[in-house]
Amino acid sequence: MSDTSLFDPAQLHPISPDGLVGQGDDGHPPRILMLYGSVRPQSYSRAAAEEGARVLEALGAEVRFFDPSGLPLPDDAAPEHPKVAELRELALWSEGMVWSSPERHGAMTAIMKAQIDWLPLSAIGGIRPTQGKTLALMQVSGGSQSFNTVNQMRILGRWMRMITIPNQSSIPKAWLEFAEGRMKPSALYNRIVDVMEELIKFTYMTRGHSAYLTDRYSERVETAEAVHKRVSQKD
């Protein structure tokens with residue numbers, strides 16, 4: 001990625017973790033995973049995610065991308081498949097995510113959905129890949145502005161037990177908003193900056209508290225019942 005910034009550095013204020021982080025937080029850079037929903041050579045969803053990544057890095061985040069090319073269909077391969085394992089390792093590494101998808105036939109792409117479907121709700125090595133992590137949503141459209149895809153992904157984010165931030169980005173007629181892989185300065189670009197700022201703030205604010213925020217009565221009861229059954233069987 002070219003590191004040339006479109007944002008005004010004087011107006012992109014540094015994020016101060018002091019007023020956001022929980023007790024004991026070491027202040028390390030927020031770890032953000034970028035997922036995008038197209039493998040076309042000229043992918044506007046990837047280009048939008050790259051614009052977001054530039055802002056995130058300027059705000060001090062550590063950013064990684066997952067390339068969905070070669071990812072098998074859900075349940076069409078074992079979890080040990082190299083692309084599946086790579087995706088899950090990145091999800092475990094992350095503290096927040098950005099999902100950026102084109103809108104195709106009024107919905108997110110199958111490429112985007114496949115990535116989400118490969119992330120289990122159950123724990124991997126004692127850690128849930130998505131629960132309690134922050135999420136920002138973006139979509140690009142070939143036609144007029146739509147919010148179908150971000151709305152669908154918002155439902156998925158809730159289902160994956162993620163803390164989905166209020167702000168979001170929807171870019172209509174994306175082919176007019178990009179030139180040579182970069183987004184043109186516009187109000188639509190400014191919205192991406194807004195979304196990334198908000199994601200960083202929410203990530204700092206919640207990452208040290210995610211276990212407590214997602215602690216559920218139903219799961220505590222279920223765990224207590226499992227312990228009771230195990231002890232009763234030994235008696």
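Start by selecting helix 4, residues 148–159; helices here are DSSP runs of H or I with at least four residues, strands are runs of E with at least two, and both are numbered from the N terminus. Its twelve residues reach 17 Å from the first C-alpha to the last, close to the 16 Å expected at 1.5 Å a residue (the expected span is 1.5 Å times one less than the number of residues).

Before moving on, note that this is a predicted model: local features need pLDDT of at least 70, side-chain atom pairs count only at pLDDT 80 or more, and totals for chains, interfaces and linings use all residues. Residues are numbered from 1 along each chain as its sequence is written, and side-chain values use heavy atoms, with hydrogens and water left out.

Now colour Thr149, Val150, Met153, Leu156 and Gly157, which are buried in helix 4 (buried is under 20% relative accessible area, exposed over 50%, partly exposed in between, with a 1.4 Å probe and protein chains only). Look down the axis: the buried residues fall within an arc of 115 degrees, so they line one face of the helix. That arc is taken from the directions from the helix axis to the C-beta atoms. The buried residues of helix 4 pack against several elements, including strand 3 (96–104) and helix 3 (110–117). On the other side, Arg158 and Trp159 are exposed.

Click Gln152 next, still in helix 4. Gln152 is partly exposed, at 30% relative accessible area. Leaving aside neighbours within four places in sequence, Gln152 is in contact with Gly106, Ala107 and Met108 (contact means heavy atoms within 4.5 Å).

Time for some rings. The structure holds two aromatic pairs (ring centres of Phe, Tyr or the six-membered ring of Trp within 6.5 Å; planes under 30 degrees apart are stacked, over 60 edge-to-face, the rest tilted). Select Tyr36 and Phe65: their centres are 6.4 Å apart and their planes at 55 degrees, so this pair is tilted. Tyr36 is in strand 1 and Phe65 in strand 2, 29 residues apart.

Then pick Tyr44 and Phe178, with centres 5.5 Å apart and planes at 40 degrees, so this pair is tilted. Tyr44 lies in helix 1 and Phe178 in strand 7, so the pair ties together parts that are 134 residues apart in sequence. Tyr44 and Phe178 are buried.

Last stop: helix 6, residues 187–206, whose end C-alpha atoms are 29 Å apart, in agreement with the 28 Å its 20 residues should span.
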